[in-house]
Amino acid sequence: LHGVFLDVLEMGVLITGGSGIGKSELALELISRGHRLIADDTPTLTRVASTVLEGTCPPALSDLLEVRGLGILNIRRMFGDSAIKRNKRVRLIIHLVRLEDIASPAESRLRGLRDTRVILGVGVPAITLPIAPGRNLAVLVECAVRDHILRLGGYRAEQDLMARMEKTMARAMPCE
């Protein structure tokens, strides 16, 4: 599967998107922020249980990241052993798409562009992240992971907002 696989906030995150969209550059920014590279370009994904995918790096590519304009970088030598992770469970996919190439439904303003992608028979939560000049993708990915962790615990910010709005509207209704 084509993409960059990282350990972001202790969660296995696969970043996908078209060629030249900025996956490796985003990975480099995340690594510089303390997250860890597992595999660039072609992570090996293996179904290790009925609902679990594990990602590793092919041996020939371990520690390496290709960034347009810079070429091949050895992340372990540049950032140290702590910048590399051998394997991780795939828990989230972030799919990068140019903003002008996506038609966002109105409800995506509340819940985001979320879906499930099936890989080797395992459903993996996926977020489509529109990219545009000036957007801080590393911060957006970190926030997507933090929000995903909250969702795994049962919290949904959009449901919280709706409950608050209903409460506010109920208080504003005149009593008869």
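# Close-up views of a predicted model

View 1. Just after H1, Gly 34 adopts a positive phi of about 105°; helices (H or I, at least four residues) and strands (E, at least two) are DSSP runs, numbered from the N terminus. The model is a predicted one, in which local features need pLDDT of at least 70 and side-chain atom pairs count only at pLDDT 80 or more, while totals for chains, interfaces and linings use all residues. Residues are numbered from 1 along each chain as its sequence is written, and side-chain values use heavy atoms, with hydrogens and water left out. Because 7 of the 10 residues of H1 (residues 23-32) are buried, the helix is largely enclosed by the rest of the structure; buried means under 20% relative accessible area, exposed over 50%, and partly exposed in between (1.4 Å probe, protein chains only). The buried residues are Lys 23, Ser 24, Leu 26, Ala 27, Leu 28, Leu 30 and Ile 31.

**View 2. A network of salt bridges around Arg 36.** Asp 7, Glu 10, Arg 36 and Lys 88 are linked in a network of salt bridges. Within this view, the side chains of Glu 10 and Lys 88 meet at 3.9 Å, N to O. Glu 10 lies in the loop between strand S1 (4-8) and strand S2 (11-17) and Lys 88 in strand S8 (residues 87-98), so the pair ties together parts that are 78 residues apart in sequence. Glu 10 is exposed, with a relative accessible area of 57%, whereas Lys 88 is buried, at 15%. Arg 36, found in strand S3 (residues 36-39), is partly exposed, with a relative accessible area of 22%. Not counting residues up to four places away in sequence, Arg 36 touches Leu 6, Asp 7, Ser 82, Ala 83, Ile 84 and Lys 85, where contact means heavy atoms within 4.5 Å.

**View 3. The largest nonpolar core.** This core has 30 residues, and those with the most contacts inside it are Leu 6, Ile 75 and Ile 94; a nonpolar core is a set of buried Ala, Val, Leu, Ile, Met, Phe, Trp, Tyr and Cys residues joined through side-chain atoms within 4.5 Å. The elements that give two or more residues to this core are S1, S2, H1, strand S6 (64-67), S8, strand S10 (122-131) and helix H4 (137-152). Leaving aside neighbours within four places in sequence, Ile 75 is in contact with residues including Leu 28, Ile 31, Leu 37 and Leu 65.

**View 4. A buried pair.** The side chains of Glu 158 and Arg 151 meet in a salt bridge of 2.9 Å, N to O, and both Glu 158 and Arg 151 are buried. A search of the whole structure finds 11 salt bridges.

Methods: A salt bridge is a side-chain nitrogen of Lys or Arg within 4 Å of a carboxyl oxygen of Asp or Glu.
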